[in-house]
Structure formats: structure tokens, C-alpha cells
Amino acid sequence: YYILTMGCQLNENDSEKLCGMVEEMGYKPTDDYKEADLVMFNTCCVRENAEDKLFGKLGELKRIKEQRGTIIAIGGCMMQEKHITDKIHESYSYTDIIFGTHTLQNFPEDLYNTMQSKKKMLDIMDIDGEVYEGLPIKRTSNIKASVTIMYGCNNFCTYCIVPYVRGRERSRKPEDIIKEVKQVVSEGVKEVMLLGQNVNSYGKTLEEPMSFAELLREVEKVEGLERIRFMTPHPKDLSDDLIEVMATSKKVCKHMHLPMQSGSSRLLKLMNRHYTKEQYVALAKKIQERIPGVSFTTDIIVGFPGETEEDFKETLDVVREVGFDSAYTYVYSKRSGTPAASMEDQVDKDVIKDRFDRLLALLKETSAKNCKKKVGDIERVLIEEENTHEEGMLTGRLENNLLVHFKGCKEQIGTMADVKLVEEKGFYYMGEQIHG
């Protein structure tokens with residue numbers, strides 16, 4: 001089997017489950033789709049170019065399917081959009097299985113039925129799926145693991161398709177999450193990433209409600225676990241309790257990824273984000289004061305409909321004031337079915353490109369400034385792999401998610417070490433391991 005995953009870490013986590021399920025059916029992985037008996041695409045619909053990528057790959061597969069009888073299965077967020085499934089039926093009718101985000105657990109059955117009947121399988125639900133436990137999973141790393149804590153989203157930001165394709169918020173039970181964390185730690189994992197569209201909303205749908213901060217305290221008790229990360233909180237409802245857990249925890253990384261999207265209160269209202277520029281900055285300052293040295297990263301959209309030069313300058317203001325370590329920056333992508341797609345004043349592409357470049361230049365400045373502050377510090381590092389560029393060098397990750405390269409032996413991979421940060425290189429460091 002061959003699998004191509006597009007999109008976020010939640011999609012990557014779903015792909016690990018797909019791989020786990022098909023390997024239990026006897027399939028083995030290949031990196032070459034031309035050799036595969038089963039090709040799976042796990043799609044994302046947040047960006048427009050994902051569609052082009054999928055249709056391009058499907059076009060390439062037609063001849064291979066004719067020669068080898070390859071089974072083609074497409075799943076994920078994009079399959080929850082009717083105009084996409086219609087296009088696949090019309091233009092790529094040789095696709096065998098189409099499955100949605102709520103029916104992942106049925107995949108082995110869908111695959112078996114297709115093989116038996118030689119008929120197409122369409123397995124998509126428009127209603128919110130249930131939370132399924134116990135699916136096999138094939139982890140891509142034995143050092144770090146992602147653990148999904150909830151599915152869906154209730155926020156309905158006007159530019160975002162996710163609530164329409166992932167459904168309403170549903171939380172996993174804390175005991176199931178803890179069981180999974182204990183399992184991966186028993187297999188050697190040192191760091192877990194807890195995933196949810198808005199982790200602040202965790203626990204609201206449970207019979208016995210539990211806050212995300214409370215869940216973190218429980219996960220922290222797992223012996224042998226060194227680090228906890230999480231994605232993604234929302235600025236509108238980030239609790240003081242969560243800040244407190246981060247400040248006092250020995251395991252929760254002092255790294256806050258807090259999507260801002262825009263620094264303009266006017267645009268934030270149009271985006272349906274439920275906070276203002278001033279509220280975002282105040283929250284960032286509160287976090288920075290309570291957690292000295294916290295690493296701060298964010299998401300920013302450039303060119304949202306109606307964005308003026310004034311609005312964009314407000315965004316630059318916040319970048320300067322908060323001093324982000326880095327940011328995921330996106331050009332606004334029109335998603336059909338979202339309110340923003342039909343808004344007037346779509347911004348000219350040349351204007352967007354100019355703003356995007358200016359934003360990147362400023363982020364490079366704030367990032368370099370923050371990097372320089374840490375030079376000379378001794379930091380705990382999770383050693384992830386051998387450095388591919390230089391023999392005898394290892395690559396590890398700091399608590400703030402940046403990489404550091406230093407001398408060491410490959411037996412250390414998967415362990416923690418103390419490393420002195422000797423030189424900063426913009427987005428990574430060169431370091432020296434401290435022994436003893």
C-alpha cells in the first residue's frame with residue numbers, strides 16, 4: 001500500500017490509523033505508488049492547492065490502475081464536500097472507494113467489499129460521527145506520538161471549512177486518552193502531542209465534564225513521559241487555569257501556539273473570531289509574564305476579503321508587540337461553502353504578495369532576536385535523529401520546538417540530553433552536549 005497525507009496533524013493521526021488497519025489486513029508499505037496494490041489519499045480542504053495536487057495524482061494513477069488493477073481509495077476532509085465527490089464521479093470514475101471523516105473505522109470493511117464485489121464504495125456521513133476507540137495504529141515515530149483528544153469544531157470562523165467537514169465537537173473520555181498515552185510511553189515514546197481543533201473546548205460534551213487543564217494534569221502523571229505539547233488552543237476561551245498548568249508543569253512544554261489570524265479588530269469580527277486586537281495582545285502579555293521565556297508562535301492569514309493597508313499594519317503591530325518566535329503564514333484561500341467566499345472586496349493578488357513578503361521579513365527579524373537571547377543557555381533536548389548533513393552529529397528538539405545540531409552518538413536517539421546553545425542560525429542552533 002501507498003498513502004499520501006495532506007493537511008494537519010489530525011489528518012496525519014488519521015493516516016496512522018489507516019496504515020494500522022491495512023497492515024492488520026496483510027498489506028505492507030511502499031514509497032512508490034506505481035508498485036502499490038492499494039493507493040490511499042487522505043485529503044485536506046483548507047487550502048485550494050490541495051485539490052490540484054489530488055486531481056494531478058489521480059490523473060497519473062489512471063494508466064497504472066489499467067495495468068495493475070490498483071485499488072484507489074480517497075478519504076479525509078475533502079470528501080465531505082459534495083462538489084469534490086461529484087467531480088471525482090464525473091472525471092475520475094475509476095476511483096474505487098470514497099470515505100469521509102466520520103467513517104474511517106469502516107475502511108477495512110469498505111476495502112473488503114470493493115475487492116469482493118468489484119463495485120465502487122461510497123461511505124460518507126453528513127451527521128457527526130461517533131468517537132471510536134481501539135483502532136489499530138501504525139506510528140510514524142517511536143520517539144514522539146500524537147494523540148487526538150477531541151474531534152470536530154464549533155467555532156465557524158468565516159474563512160474555515162473545518163466545522164462543515166469535521167462536524168461538531170466530540171471529546172474522547174479521559175481514561176481512553178490516558179490509556180493511549182501510557183501505551184505509547186510503554187513503547188518508548190518520550191513526547192506526546194495532544195490534538196484538537198480547539199483544545200480549550202475539551203471535555204464539554206462528556207457525561208462528567210472535565211477541562212483541558214485538568215486533562216493535562218492527568219496526562220502529566222504518566223510515568224516515563226518526558227514532554228507534553230498541544231495544538232491548538234483558541235484565544236477566545238484560553239483559561240487562566242491552562243496558563244497556570246503550563247507555568248507549573250515539569251512536562252508541559254513552555255511553547256504556546258496561539259492562532260491570531262489578523263491584528264485588525266475589524267477583520268477579526270468579520271472572521272467571527274470573538275476577540276479584538278487588544279484582547280489578543282493582553283492575553284499574550286499575561287502568558288509571557290506568568291511563563292518567563294515562553295516560546296510564542298501563531299497563525300496569520302494575509303489578504304482576507306476587505307483587508308486594507310491599515311488592517312495589515314495592525315497585524316504588523318501585533319507581531320512587533322508580541323515578538324513571535326515564528327508563525328505559520330497563509331495567503332487567504334477561498335473555500336466554497338464558507339461565508340468569506342461570497343464576501344465582496346476580495347484582495348488583489350499583487351497586493352497580497354507584497355504584504356506577505358513584508359510580514360515574512362518582520363517575522364524573520366523577531367525570530368532572530370528571540371533566537372539570539374538563548375545563545376549560551378543550557379537546554380534539555382529530545383534527541384530525534386542523526387544529522388543527515390554531517391557525520392557524528394545528532395539533531396534534537398528544544399522545548400520551544402526549534403532544532404539544535406550537536407555532536408553525539410546514534411545510540412542516544414530517543415533520549416534526553418543537556419545541550420549548550422553555542423550559535424544561532426536563524427531558525428535552528430549549533431550546540432555542545434554537556435556531559436555529567
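Start by selecting 9-24: that is helix H1, whose 16 residues reach 23 Å from the first C-alpha to the last, close to the 22 Å expected at 1.5 Å a residue (the expected span being 1.5 Å times one less than the number of residues). Helices (H or I, at least four residues) and strands (E, at least two) are DSSP runs, numbered from the N terminus. This is a predicted model, where local features need pLDDT of at least 70, side-chain atom pairs count only at pLDDT 80 or more, and totals for chains, interfaces and linings use all residues. Residues are numbered from 1 along each chain as its sequence is written, and side-chain values use heavy atoms, leaving out hydrogens and water.

Because 12 of its 16 residues are buried, H1 is largely enclosed by the rest of the structure; Leu10, Leu18, Cys19 and Met21 are among them. Just after H1, click Gly26 for a positive phi of about 105°.

Next, pick the open sheet, with 3 parallel strands ordered E6-E9-E10 (a pair needs at least two DSSP bridges). E6 (144-148) and E10 (227-231) are the edges with a single partner strand each, so one side of each lacks a neighbour in the sheet. Zoom in on E6 and E9 (191-195), paired over 5 bridges; Ser146 has Met193 as its bridge partner in E9.

Finally, show H6 (174-186), which lies across E6 and E9.

Definitions and conventions:
Contact means heavy atoms within 4.5 Å. Axes are lines fitted to C-alpha atoms, for helices over the stretch in contact, and angles run from 0 to 180 degrees between N-to-C directions. Buried means under 20% relative accessible area, exposed over 50%, partly exposed in between (1.4 Å probe, protein chains only).
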